[in-house]
Amino acid sequence: MKKIIAASGLALTLVSGTSMPTAPATHHTVACDDLPGLQIPASAIGLPTSGGEVIAARLVPASGSGASATGSYCRADAALHSVDPHAPDIRMRIALPERWNGKAMMFGGGGYDGTVPDITGNVPFGPADEPRPLSRGYATFAGDSGHQAAPDFKPATSLDGSFGVNDEAVRNFAGDALKKTRDAAHFIMRAHYAGAAPTRNYFAGGSSGGREALAVAQRWPTDFDGVIAAYPAWNAVSLNLFFGHEARTLSRPGAFLNTAEQHLLHRSVIAACDGDDGLRDGVIGDERGCHFDPRSLRCPRGPDTADTCLSDAQIRAVRALSSPLRLPYPLAGGETGYPGFPFLSGADMSTPLLGLGTRPPGHPMPKDSGYGVQFWDQWVRYFVTRDPGHNPLTVDPRRPGPWRQRIRALSALQDAGDPDLSRFAEAGGKLLLLHGTADELVSHRSTVAYFQRVQKRMSKRATSDFARLYLVPGANHVNVDTPFAASWDSLSALENWAERATPPARPVVTDANPAANGRSRPLCAHPSWPKYTGTGNPDAASSFICFPGTPRPSPR
């Protein structure tokens with residue numbers, strides 16, 4: 001016996017647990033229990049695939065209370081097949097709430113991806129006291145970018161770059177999987193919701209997910225109404241080259257700073273610059289105004305004699321990592337370097353500075369060396385040389401020799417630096433860029449450079465019509481163990497802007513650290529920063545102005 005179920009204008013004939021598209025028919029709802037076996041035709045996806053299918057689905061009961069309350073929803077897993085039979089599938093997951101608000105949220109990944117992000121999670125820097133997207137009734141979905149991380153890398157699944165030996169897998173990771181996952185998710189939504197498509201579509205991601213957020217705005221400008229791009233690694237290749245510069249610098253004899261020395265540097269920078277914003281609170285308000293010379297920490301006569309000072313070799317390393325890396329050749333998007341990291345990058349005294357880890361780089365790369373140098377290790381061995389045994393420390397980012405053309409080709413694939421967002425803006429799209437100034441893995445200076453490129457290409461006035469850049473002093477990459485754990489309801493701000501033409505007005509960011517007691521700061525649009533007025537509650541945003549700027553009224 002045959003059962004006809006419509007999805008996306010196609011009638012699906014279910015025969016013995018399989019589905020084949022047939023002629024158009026009246027739309028009906030495909031129940032959660034009937035989703036497994038649903039075929040996703042290649043024609044429903046805007047980039048080449050071999051189609052796909054839903055491989056599992058189950059009803060998840062309502063749970064939680066207050067802001068964490070989530071209604072019942074159908075969780076479905078799907079696999080999308082590559083054109084190259086040797087390329088891995090794209091694995092994806094979607095949550096289909098029973099009480100759907102008619103909107104969809106796609107989450108970006110992180111690092112080298114390889115796992116499906118938590119579709120019940122929050123947007124980057126999202127508040128814990130407000131409902132998450134799924135709790136608001138969004139259909140939420142995400143994919144693994146087209147490969148599955150090896151078990152040896154769990155839980156650090158975002159550090160497995162071994163898929164880089166396959167061209168289609170690299171293209172998927174670079175961005176193609178975003179379009180494929182989005183289109184497949186819409187197909188499943190139309191099947192489950194009787195042909196209904198989302199009325200609004202949003203994307204949120206941080207780090208590599210932030211790069212993905214910018215990529216969807218650039219490449220598929222009508223697919224999303226709004227995008228949240230947090231600490232975006234938009235210039236992935238120049239960041240990788242900086243990580244290589246870091247690896248080679250710290251692998252030199254005597255150059256690596258142990259954890260105590262990293263903390264010494266961090267404390268010294270805070271002590272030197274913390275009060276420049278009018279208040280000593282452990283947070284440097286204006287990173288650009290902080291000028292600290294690490295030579296003030298020099299050990300007597302220069303050798304490394306104690307954890308209470310830095311050797312000449314260590315000072316040279318610190319200066320190198322905080323300075324721009326200049327490349328004598330351009331990448332595909334025109335980049336000729338990376339801006340480096342400020343001295344104040346890092347977290348509190350429990351975490352190494354700048355993501356340096358606890359051991360210097362080497363070959364094989366120690367797993368407790370810095371995240372960035374491990375990222376470089378994977379990229380060189382699998383993406384660039386495609387030789388798993390290659391020593392990444394032998395590749396000089398400034399003079400890569402035979403690998404220069406390969407690096408340039410990868411930058412054309414991986415980077416999301418196109419500053420022309422005119423089609424996204426013309427379609428009504430809105431962009432919120434967020435970055436903490438204590439980020440130890442993606443420099444906020446790089447995000448400022450991207451925003452300035454957009455302003456130069458489109459004019460400052462045109463950019464302000466659809467985009468904002470907010471820097472959060474004291475916030476780091478993972479928003480954990482940081483002087484200021486950023487918490488802002490960017491999703492509501494994005495909804496108001498995209499759906500009601502109301503741009504963010506006097507936004508306030510809260511410190512989510514438990515000991516912060518809810519202290520807040522004005523969320524200042526770049527290039528302004530929060531400066532204490534000298535009077536009023538130092539834990540209240542109303543006691544600060546965005547400088548240079550005008551005093552803000554108390555938030556209502």
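Select Cys299 to begin: this residue is buried, with a relative accessible area of 1%. The model on screen is a predicted one.

**Stop 1: the disulfide at Cys299**

A disulfide joins Cys299 to Cys309, with a sulfur-to-sulfur distance of 1.9 Å. Cys309 also counts as buried, at 7% relative accessibility. Look along the bond between the two sulfur atoms: the torsion there is about 95°, so this disulfide is right-handed. Both cysteines sit in the loop between α4 (259-273) and α5 (312-322), ten residues apart.

**Stop 2**

How many disulfides does a search of the whole structure find? The search finds four. Counting bonded cysteines along the chain, the pattern of pairs is 1-2, 3-4, 5-6, 7-8.

Select Cys32 and Cys74, which are another such pair, with S to S 2.1 Å. Cys32 lies in the loop between β3 (18-21) and β4 (39-40), while Cys74 belongs to strand β6 (residues 73-80). The pair links distant parts of the chain, 42 residues apart. Their link is right-handed, with 80° about the S-S bond. Are these two cysteines buried or exposed? Cys32 has a relative accessible area of 9% and is buried. Cys74 is buried too, at 1%.

**Stop 3: the disulfide at Cys524**

Now move to Cys524 and Cys546, whose sulfur atoms are 2.1 Å apart in a disulfide. Here the torsion about the S-S bond is -85°, and the link is left-handed. Cys524 is in the loop between β18 (520-522) and β19 (529-532), and Cys546 is in strand β20 (residues 544-547), so the bond ties together parts that are 22 residues apart in sequence. Cys524 counts as buried at 1% relative accessibility, and Cys546 counts as buried at 6%.

**Stop 4: the nonpolar cores**

Select Leu35, Ile188, Met189, Val227, Leu421 and Leu431. These residues belong to the largest nonpolar core, which has 55 residues, and they touch the most other members. Which helix gives the most to this core? Helix α1 (residues 167-192) does, with eight residues.

Keep Leu35 and show what surrounds it. Leaving aside neighbours within four places in sequence, Leu35 is in contact with Val30, Val54, Ala57, Cys74, Ala76, Leu96, Ile188 and His192. Cys74 is the residue from Stop 2, bonded there to Cys32.

Then select Phe163, Ala255, Tyr338 and Val384. They are among the members of a second, separate core of 40 residues.

**Stop 5: the largest pocket**

Rolling a probe the size of a water molecule over the atoms shows where empty space is left. In this model, the largest pocket holds about 1000 Å³ of space. Which lining residues are closest to its centre? Select Gly109, Gly110, Gly206, Ser207 and Tyr231 to see them; the lining has 50 residues.

- strands β10 (200-206) and β16 (486-487)
- helices α2 (208-219), α3 (236-250) and α6 (371-384)

Of the contributions to this lining, that of α3 is the greatest, with four residues. To finish, color the lining of the largest pocket by class: 24 residues are nonpolar, 21 are polar and five are charged.

Methods. Residues are numbered from 1 along each chain as its sequence is written. This is a predicted model: local features need pLDDT of at least 70, side-chain atom pairs count only at pLDDT 80 or more; totals for chains, interfaces and linings use all residues. Side-chain values use heavy atoms; hydrogens and water are left out. A nonpolar core is a set of buried Ala, Val, Leu, Ile, Met, Phe, Trp, Tyr and Cys residues joined through side-chain atoms within 4.5 Å. Buried means under 20% relative accessible area, exposed over 50%, partly exposed in between (1.4 Å probe, protein chains only). Helices (H or I, at least four residues) and strands (E, at least two) are DSSP runs, numbered from the N terminus. Contact means heavy atoms within 4.5 Å. A disulfide is a pair of cysteine sulfur atoms within 2.5 Å. On a 1 Å grid over the protein atoms alone, a cavity is a set of points where a 1.4 Å probe fits but cannot get out, and a pocket is an open set with protein on both sides within 12 Å along at least five of seven lines; lining residues have an atom within 4 Å of a point. Grid points are joined across faces, edges and corners, and a volume is the space filled by probe spheres set on the points. Ala, Val, Leu, Ile, Met, Phe, Trp, Tyr, Cys and Pro count as nonpolar, Asp, Glu, Lys and Arg as charged, and the others, Gly among them, as polar.
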